[in-house]
Amino acid sequence: MKEAIDKFFSSAAYAVVGVSRNRHKFGNTVFYAMKSRSLAVYPVNPHLSTVENEHCYVNVRDLPDEVKSVVIVVHPEDAEQVVAECKWKGIENIWLQQGA
């Protein structure tokens, strides 16, 4: 498990799928925690164009190629599609948050 975690956090850039307008939701907590550590992290939500002045991506396929690790914080019925997009994009480091 430690090896998988180390690999996840060795990426040049990350994405958090499931950010929202509500700063208190878990996806936002993860997003801002990563940003506060000066990590390159991109928000993803198909219903938002920005998250607190940050460009928000519609889906994983649109992310920059440097993103190699993704945190998924979405409803379970949406998680399978996000994982499929990660596979299509060649992203192997996926952190499925509990409940996703």
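Guide: A residue counts as buried when its relative accessible area is under 20%, as exposed when this area is over 50%, and as partly exposed in between. The model discussed here is predicted. With these cut-offs in hand, we may turn to the charged pairs.

A search of the whole structure finds five salt bridges. One of them joins Arg61 and Glu85, whose side chains meet at 3.9 Å, N to O. This pair links distant parts of the chain, for Arg61 lies in the loop between S4 and strand S5 (67–72), while Glu85 belongs to helix H3, 24 residues apart. The two partners may be described in terms of the cut-offs above. Glu85 is buried because its relative accessible area is 9%, which is under 20%. Arg61, with a relative accessible area of 36%, is partly exposed.

A second pair is formed by Glu54 and Lys35, where the closest N and O atoms are 3.0 Å apart. Here too distant parts of the chain are linked: Glu54 sits in strand S4 (residues 54–55) and Lys35 in helix H2, 19 residues apart. Both residues are partly exposed, since the relative accessible area is 26% for Glu54 and 31% for Lys35.

A further salt bridge lies within a helix. Lys2 pairs with Asp6, and their closest N and O atoms are 2.8 Å apart. Because Lys2 and Asp6 are four residues apart in helix H1, about one helical turn separates them. Lys2 counts as exposed, its relative accessibility being 59%, whereas Asp6 is partly exposed at 41%.

What lies in the segment before helix H1 (2–8)? Met1 is found there, and with a relative accessibility of 79% Met1 counts as exposed. Together with Ile5, Phe9 and Trp95, Met1 makes a nonpolar surface patch of about 440 Å².

Helix H2 (26–36) and helix H3 (76–89) each supply at least two residues of its lining, and H3 gives the most, with four residues. This pocket has a volume of about 470 Å³. Its lining consists of 21 residues, and those nearest its centre are Gly18, Asn45, Val73, Val74 and His75. By type, the lining divides into ten nonpolar, eight polar and three charged residues.

Notes:
Residues are numbered from 1 along each chain as its sequence is written. This is a predicted model: local features need pLDDT of at least 70, side-chain atom pairs count only at pLDDT 80 or more; totals for chains, interfaces and linings use all residues. Side-chain values use heavy atoms; hydrogens and water are left out. On a 1 Å grid over the protein atoms alone, a cavity is a set of points where a 1.4 Å probe fits but cannot get out, and a pocket is an open set with protein on both sides within 12 Å along at least five of seven lines; lining residues have an atom within 4 Å of a point. Grid points are joined across faces, edges and corners, and a volume is the space filled by probe spheres set on the points. Ala, Val, Leu, Ile, Met, Phe, Trp, Tyr, Cys and Pro count as nonpolar, Asp, Glu, Lys and Arg as charged, and the others, Gly among them, as polar. Patches are made of residues with over 30% relative accessible area and no salt bridge: like charges are joined within 9 Å, nonpolar side chains (Val, Leu, Ile, Met, Phe, Trp, Tyr) within 5 Å. Accessible areas come from the Shrake-Rupley method with a 1.4 Å probe; for residues, only the protein chains shown count as cover. A salt bridge is a side-chain nitrogen of Lys or Arg within 4 Å of a carboxyl oxygen of Asp or Glu. Buried means under 20% relative accessible area, exposed over 50%, partly exposed in between (1.4 Å probe, protein chains only).
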